[in-house]
Amino acid sequence: MRYLPKSDAERRAILGELGFDSIDELFRSIPENCRLRRALDVPGPLSEKEIIDYFRARAAENSAGYTSFLGAGVYNHLRSVVADALLQRGEFLTSYTPYQAEISQGTLQAIFEFQTLMCQLTGQEVANASMYDGSTATAEAAMMAVRLTGRRRLVISRALHPEYRQVADTYARDLGLDVAEIGFDAKTGQTDLAAARAAVNDATAAVIVQSPNFLGALEAVPQIAEIAHGAGALLVVAIAEAVSLGAVRAPAEADIVAMEAQSLGLAPSFGGPFAGVIATREKFVRQMPGRLAGQTTDGQGRRGFVLTLATREQHIRREKATSNICTNQALCALAVTMHLSLAGKEGLREMAHQNLAKARYAVAEFEKLPGVRRAFAAPFFNEVTLEFPRSVRMINHELERERIIGPLPLGPFFPEQTKRGLLCVTEVHSRQDVDRLVAATRRALESLGVGAREAVSSPAER
Amino acid sequence: MYPANYKYSQEHEWVALEGQMATIGITDYAQHSLGDVVFVEMPKPGAKFSAGQTIGTVESVKAVSEIYSPITIEVTEVNAALANAPEKINQDPHGAAWMIKGRAPNPAEMAKLMDAKAYEAFIAEKEKEAGA
């Protein structure tokens, strides 16, 4: 196939073959009032130099030179240049999904290694070849629980990432599933166990929580598991920040883990592409969506790889497929595999401990500011909800002048969480970065009328 | 090949009826088309199905297929041995690899199914179509 525009002669030949005299005739089945009767409103062609200048100018509009403290599902972490260099090899970058699995041994082995790493990280027995991202993995985990239990009620924590929730709701709506929400404890920021106990019943397919949750709090996973399992429901644990598993116990009590692996070697970009993970117990494997690579031996006893369980995929089973996820994020999963192989067990642990230490340092420094405190008491990893004496939006406006992107205002997600923001500190932030953020916040608060005197006021007034 | 006392569906299941108790499995033709069976998913005792409803799936190395109930049935027993030895379906589809047993409250439905002779003619026609 030639990737060249068609010539007039070719157009005429194609139209002749179709039995038309003109392009207009080809489109005559489109009603008159639906046709566009003018030229498309797009800029004309540019020369090579013009196009390079254009994109350079757009790139310069990016927030280069800003220090960001945003997290909330997308995290800034160090990535090795090695992975980027390897990923751009043609064998990886342009290879298509292995429908003819056996000839793609390299791709299958990479998927197999990815699955192995994801099992080790999540404490589960099987993991699939990857999903689109953490949100679709969570929704697919919910659907998987519905298939496994034959029940149609989902009990979802309010502290699940609100965007993951939206995706789950979209899936649930047209399947007619019953979705119940459980709140979080106002003091700890953890999912309210009493509310969970009240909401879970014998119609419940799954209890869905995230840990660390959207507010930064680590959930009491064993207790929530007990509540779910006590009613015969499954526990789905979503993990948006995979680096946390370098320091936090894996949710071994979960029946299904739905994870976003972006933190492990993928750039934040504009929010994608990322790599979702579904990991579960072996006995549930046939209801797991997507594909799974397996290791085997060939006729001559040599190690080889195959696509196992592909028979339940959409391209074979059509409308009876286990799910409508019909591909995986092979290249992103490969990047994650490379990243973890380079970091190793020690590297991941070291990275996680740096996150812990730096986030704690940042909180201690923030608490020296007048009227600033941690909003919730639960243990946290690298993200924490802080309460400020002024609106986070106003503070952030001031911080922007100093080229700092401050905490994420929680108001748009949780209307009652006014003056609260979600701060994320990772290994990419130096102590100097944190000090600069805290000093800039102090100046921002002063300019908003919060002085040293206000620090004397009692916490009850806040 | 096809037992004369069984009845057969167009979806390649067989039914044996003794009094009100029915036994259901898949036919030799079905197991042969599927190839090596690696997994069987079956209903739980107590489940009720009407004719034409899906009672489970058979997974082979090539595909996953639905098993449809040829008649109305209230499941009393499932063949638990198939969970660990699905290959029995390839080895003895009309005997040891029966899938479910249960009460058939509507024996008149049996009349709509094929007898062994009609089923053999039906699959011979299928083979001819496939060969054509």
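Two strands pair if DSSP finds at least two bridges between them. Keep that rule in mind, because several stops on this tour rest on it. The model on screen is predicted.

**Stop 1: strand E15 of chain A**

Select residues 420-424 of chain A; this is strand E15. A:Leu408 brings you to strand E14, residues 408-409 of chain A. Two bridges join E14 to E15(A), and the strands run antiparallel. Two bridges is enough, because the rule asks for at least two.

Next, select strand E12, residues 383-387 of chain A. E12 and E15(A) are antiparallel too, with five bridges between them. For one of the pairs, click A:Glu387: its bridge partner in E15(A) is A:Arg420.

Is E15(A) mostly covered or mostly open? It is mostly covered, with five of its five residues buried. In a regular strand the side chains alternate between the two faces of the sheet. Colour the two sides to follow this. A:Arg420, A:Leu422 and A:Cys424 lie on one side, A:Gly421 and A:Leu423 on the other, and all are buried.

**Stop 2: helix H7 of chain A**

Select residues 134-149 of chain A, which form helix H7. H7(A) is mostly covered, with 13 of its 16 residues buried. Step just past the helix to A:Gly150. There phi is positive, at about 70°.

**Stop 3: the sheet in chain B**

Move to chain B. Its mean pLDDT is 93, and 99% of its residues reach 70 or more. Find the open sheet of six strands. The order is E1-E2-E3-E9-E8-E5, and the pairing is antiparallel. Which strands are at the edges? They are E1 (7-8) and E5 (48-49) of chain B, each pairing on one side only.

Now select E8, residues 73-78, and E9, residues 100-103, both of chain B. Four bridges join these antiparallel strands. Click B:Glu77, and you will find B:Lys101 of E9(B) opposite.

**Stop 4: where the chains meet**

Show both chains together. Six residues of chain A are in contact with six residues of chain B. The chain A side has one nonpolar, one polar and four charged residues. For the complex, the predictor gives an ipTM of 0.71 and a pTM of 0.84.

Key. Residues numbered from 1 in each chain as written. Chains lettered and ligands numbered in written order. Predicted model: local features only at pLDDT ≥ 70, side-chain atom pairs only at ≥ 80, totals over all residues. Buried ≥ 20, exposed ≤ 12 C-beta atoms within 10 Å, placed from the backbone. Contact = placed C-beta atoms within 7 Å. Nonpolar A, V, L, I, M, F, W, Y, C, P; charged D, E, K, R; others polar. pLDDT = per-residue confidence, 0-100. Expected span 1.5 Å × (residues − 1).
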